[in-house]
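The following note sets out points for a colleague who is about to inspect this structure. Please read each point with the coordinates open.

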Amino acid sequence: MFSQLKQPVIDNLEAYQVDFERGFLPKEDPLERLPDQFEIIENIATNLSALLITGQYRHVIDKVQFPDISQLETERQIKRAFLLMSIFGNAYVWGGEIPATVIPHSLAIPLCKLANILDRPPIVAFSSMVLDNWRRIDKTQPIELDNIAPLQLFLGGIDEYWFYATAIVIEAKGAPALISLVQAQKFVNLDNTALVSMHLQKIVAVIARMQAIFKEITNKCDPYIFYHRVRPFVGSWQEPGVIYQGVSDTPQMFVGGSAAQSSLLQSLDAGLGIKHDREKHESYLRQIRVYMPVAHRRFLEALEMGPSIREFVLNNQENYPMLRQHYNECVQAIEHFRKQHMEIAVHYITKQAPQHKQGTGSTNFAHFLRKVKQQTTAHLIS
Ligand code: HEM
């Protein structure tokens with residue numbers, strides 16, 4: 001997987017499930033339907049919003065007997081099953097007047113089996129809800145906002161649709177940045193300042209394209225609907241936790257689904273040597289790596305172990321000032337992305353939170369996002 005030059009360089013992206021054109025999205029479009037013997041899972045998925053709206057959902061799950069998931073054959077099947085079963089778990093916990101604290105064994109057992117196979121926690125995360133949850137409307141056309149549909153939603157509707165669609169397309173737009181990070185590390189080892197510089201410039205352009213898509217979110221995802229009807233279904237399992245009946249009697253606590261679990265920004269940080277090492281921020285960002293697909297966690301580690309682009313810029317900036325300029329432009333682009341993201345998060349969460357909730361959870365996340373942005377800025381080379 002690694003070449004023999006100086007520090008190890010990633011030379012086989014496929015081994016990390018990183019695609020040249022799609023980045024962290026799967027190389028093959030996600031499976032849209034499980035084989036016939038799993039029809040019961042597909043039926044509940046099709047009826048999910050109706051069952052939630054009519055208040056029937058938990059009754060259905062309490063009575064259902066799911067087919068044996070060991071009959072699933074391919075990785076795509078397993079990922080589709082995990083997508084749906086983890087959505088069923090979240091819908092069970094959050095889809096009633098009072099959150100459920102026990103997921104019944106009928107669902108908990110197959111859900112945990114699937115999570116074990118994929119080595120991910122048994123809850124909805126970015127990796128399932130975004131990476132494995134899309135289809136191209138026209139299969140001959142690329143992944144763009146006018147050609148992407150999420151496969152499964154909770155309540156459905158334009159706002160939920162659009163929220164996930166933008167996240168999916170941002171991932172695709174980020175793909176060339178991953179390639180350029182790997183290439184830039186390779187050229188660090190080859191001591192090629194011009195080509196390191198060129199790849200840094202490419203990364204700047206990629207981040208601008210990601211931002212342009214991110215901006216689109218406000219067009220069709222209403223903040224009120226997001227806060228009240230979309231976000232609640234991907235909430236965390238906090239104190240007192242959730243029991244997976246038939247698996248363990250100990251309540252489990254997990255982080256809720258969030259684009260913080262995307263490997264994209266973490267890759268940019270890792271490749272460019274941006275560290276968030278104060279006030280436990282690094283530890284949160286590391287903790288959520290377990291929600292990423294295993295191969296992507298390994299990719300982040302490989303980038304971190306690879307040749308340091310930042311050191312290279314520091315060592316060569318005097319002879320080649322453009323190098324510093326292009327590195328700084330990358331840092332600024334990430335800073336801008338984080339600034340835009342903070343504004344959106346405040347607009348979609350803090351401003352929507354009922355008066356009595358403002359100043360609690362919303363302050364914590366705003367503080368966290370501000371610190372992460374400030375620590376990005378601190379990496380500008382003067
Ligand atoms: C309505 C849209 C969005 C809202 C309200 C939102 C909100 C938040 C919140 C509250 C956090 C704090 C940590 C957490 O909850 O896990 C967070 C973190 C994060 N979000 Fe978002 N987010 C949105 C969209 C996105 C999108 C589309 C991306 C694209 C990749 C993204 C990337 C991140 C990242 C990377 C972090 C970790 C902190 C950082 O590295 O800067 N978010 N987001």
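This is a predicted model: local features need pLDDT of at least 70, side-chain atom pairs count only at pLDDT 80 or more; totals for chains, interfaces and linings use all residues.

1. Helix H6 bends by about 35° at Gly174, and a proline, Pro176, follows within four residues.

2. The length of H6 was checked against expectation. At 1.5 Å a residue, its 32 residues should span 46 Å, and the end C-alpha atoms lie 48 Å apart, which agrees. H6 is also mostly covered, with 26 of its 32 residues buried.

3. Asp191 sits in the loop between helix H6 (158–189) and helix H7 (193–220). Asp191 is exposed, with a relative accessible area of 51%; the cut-off for that class is over 50%.

4. Two further backbone features deserve a look. Gln17, which is not a glycine either, has a positive phi of about 50°. Gln17 is placed in the segment before helix H1 (39–54) and is partly exposed, its relative accessible area being 37%. The peptide bond joining Glu239 and Pro240 is cis, with omega about 5°; Pro240 belongs to strand S4 (residues 237–244). As background, most residues other than glycine have a negative phi, and most peptide bonds are trans.

5. Which protein residue is a donor to the iron atom of the ligand? The single donor from the protein is His341, through NE2, at 2.0 Å. His341 is located in helix H13 (residues 321–350). A polar side-chain atom of His341 also lies 2.8 Å from a nitrogen atom of the ligand.

6. An N or O atom in the side chain of Tyr284 is 2.6 Å from a ligand oxygen atom, and for Ser258 the corresponding distance to an oxygen atom of the ligand is 3.0 Å. Ser258, Tyr284 and His341 are among the residues that come nearest to the ligand, as are Ala259 and Arg338, out of 22 residues around it.

7. Where does the largest share of the shell around the ligand come from? Helix H13 supplies that share, with seven residues. At least two residues each are supplied by H6, H7, helix H10 (281–287), H13 and helix H14 (361–377). By residue type, the shell divides into 19 nonpolar, two polar and one charged.

How values were computed. Residues are numbered from 1 along each chain as its sequence is written. Side-chain values use heavy atoms; hydrogens and water are left out. Donors are N, O and S atoms within 2.8 Å of the metal (3.2 Å for Na, K and Ca); water is not among the atoms, so sites may look incomplete. Buried means under 20% relative accessible area, exposed over 50%, partly exposed in between (1.4 Å probe, protein chains only). The expected span of a helix is 1.5 Å times one less than its number of residues. The bend at a residue is the angle between axes fitted to the seven residues ending there and the seven starting there. A residue is near a molecule or strand if one of its heavy atoms lies within 4 Å of it. A polar contact is a pair of N or O atoms within 3.5 Å; within protein, one must be able to donate a hydrogen and the other to accept it, and residues adjacent in sequence count only if both atoms are side-chain atoms. Ala, Val, Leu, Ile, Met, Phe, Trp, Tyr, Cys and Pro count as nonpolar, Asp, Glu, Lys and Arg as charged, and the others, Gly among them, as polar.
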